[in-house]
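Dear colleague,

Please find below the structure that I am handing over to you. I would be grateful if you could read the notes that follow with the model open beside them.

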Amino acid sequence: MSKDGAPLVTKTALITGVTGQDGAYLSKFLVDKGYEVYGTYRRLSTPNFWRLHYLNVFEKVNLLPADLIDVGSLLDAIRISHPEEVYNLAAQSFVGASFEQPVGTGEMNGISVTRLLETIRIMNPKIKFYQASTSELFGSGHLSASNEEALFRPSSPYAAAKLYSYWMTKIYREGFGIFACNGILFNHESPLRGLEFVTRKISNTVAKCALGLEKELRLGNLEAKRDWGYAPEYIETMWLMMQQKTPDDYVVATDDSHSVKEFAEKAFDVVGLDWQEHVKVDKKFLRPLDVAYLKGDSSKIRKIGWNPKVDFDGLVKIMVKEDLSRWERWQNGERFPWDASNYPGEDKILSRYQEKDK
Ligand code: NAP
Ligand code: F7E
């Protein structure tokens, strides 16, 4: 029995991309439900388990080395873990980088998903499969909220690759009878978000500005609008979809949209600073193509019991306060698993498609 007296589930799940934001939150969520959790990670020269440590779940996850590009490692991951549910979260997840590495992104976010679906079809077609699809599928040109029926107009190599894997997931469901779902998740953020994504870039830099460690926040397209939600609430929908009688695709969103400028303004407000004194526009952060506006219509997933609580203001506060507290602890000599203290910032990084101004 769990702490609150509810019976514990005794299922086994395999999560690909367990070291990422969603992988870490989903691991904790499933471990708390009583799942036996296996997670794949790829070999890196420096281990990257800080998020699992941060959530105190590292010891409870069984780690399996695997790269989605390498079919043998997928076969072994399934053979060793015997999962009932596979959550495919591993991806090259940064849209900006997909313009610089379009081939690798296509391989990783497109073909690799078919590789994993084939592994499941051949080894055990009863395994349920969750695919991390994305609001980027909707792309440019939408003026109102997008639901599951909205048109897809991908505007990046990232989105084009994810569109292929979205369709392959449907094809394996309809053609081979696999329980396969697409979670079409809009942007979801948290203090565990990667530092290159705009929300965490803002919250981290705002915290540093508040402590006098930084003066400027350099951003690209301030007018872009996104439907930003809170990641720990979003990962619950992944599980929820997999517990339904029939597999299906669901949009997950707050159904509200705000600009990058509004995010920055609110974030500086949290620490009592004026955003206009710190934010500078830098062409380096403009993409060859950008999606101007995204807003979701998540009525379908709400009908099966999803009820998120954190709104835009709440999200900005959570992120800024957590980054502020981390920098304060760090300045006081405390050492803990965390990414920002080792991050050089993006000034160090040159762009291949946008020459740095001479
Ligand atoms: P994330 O923090 O960037 O995590 C991505 C994970 O994929 C990391 O564990 C990463 O490993 C792993 N990975 C990358 N390349 C790999 C490879 N070749 N082989 C094996 N693993 C590899 O992303 P996230 O925000 O958690 O997103 C999870 C999934 O949801 C992704 O598929 C993303 O595209 C999708 N998605 C995200 C959002 C969002 O707003 N967060 C919205 C819609 C969809 P390393 O730690 O080694 O890099
Ligand atoms: O950009 C603009 C940028 O990189 C958001 C991924 O999780 O969500 C994410 O993709 C917006 C874009 O996220 C900067 O041009 C302005 O319009 O935080 P982002 P994303 O591209 O929306 C979707 C749903 C996913 O599936 C992806 O995996 O912000 N922006 N200035 C900037 N963006 C960044 N990164 N850095 C800037 O300086």
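The notes below concern charged side chains and their surroundings.

The model is predicted, so local features need pLDDT of at least 70 and side-chain atom pairs count only at pLDDT 80 or more, while totals for chains, interfaces and linings use all residues. Residues are numbered from 1 along each chain as its sequence is written, chains are lettered from A and ligands numbered from 1 in the order in which they are written, and side-chain values use heavy atoms, with hydrogens and water left out.

**Glutamate 85**

Glutamate 85 lies in strand S4, which covers residues 85-88; helices (H or I, at least four residues) and strands (E, at least two) are DSSP runs numbered from the N terminus. Glutamate 85 counts as buried because its relative accessibility is 1%. Here, buried means under 20% relative accessible area, exposed over 50%, and partly exposed in between, with a 1.4 Å probe and protein chains only. The side chain of glutamate 85 makes a polar contact of 3.3 Å with that of lysine 11. A polar contact is a pair of N or O atoms within 3.5 Å; within protein, one must be able to donate a hydrogen and the other to accept it, and residues adjacent in sequence count only if both atoms are side-chain atoms. Leaving aside residues up to four places away in sequence, glutamate 85 also touches others, including Tyr35, Ile127 and Trp239, where contact means heavy atoms within 4.5 Å.

**Salt bridges**

Side chains of opposite charge can pair when their charged atoms come close. There are 23 salt bridges in the structure, each being a side-chain nitrogen of Lys or Arg within 4 Å of a carboxyl oxygen of Asp or Glu.

One of them joins glutamate 189 to arginine 193, with the closest N and O atoms 2.7 Å apart. Both glutamate 189 and arginine 193 are buried.

Another pairs aspartate 290 with arginine 226 at 3.5 Å between the closest N and O atoms. This pair links distant parts of the chain, 64 residues apart: aspartate 290 is in the loop between strand S13 (279-281) and helix H10 (299-303), and arginine 226 is in strand S9 (residues 225-226). Aspartate 290 is partly exposed because its relative accessibility is 27%, whereas arginine 226, at 8%, is buried.

Finally, Arg200, Glu322, Asp323, Arg326 and Asp339 are linked in a network of salt bridges.

Yours sincerely
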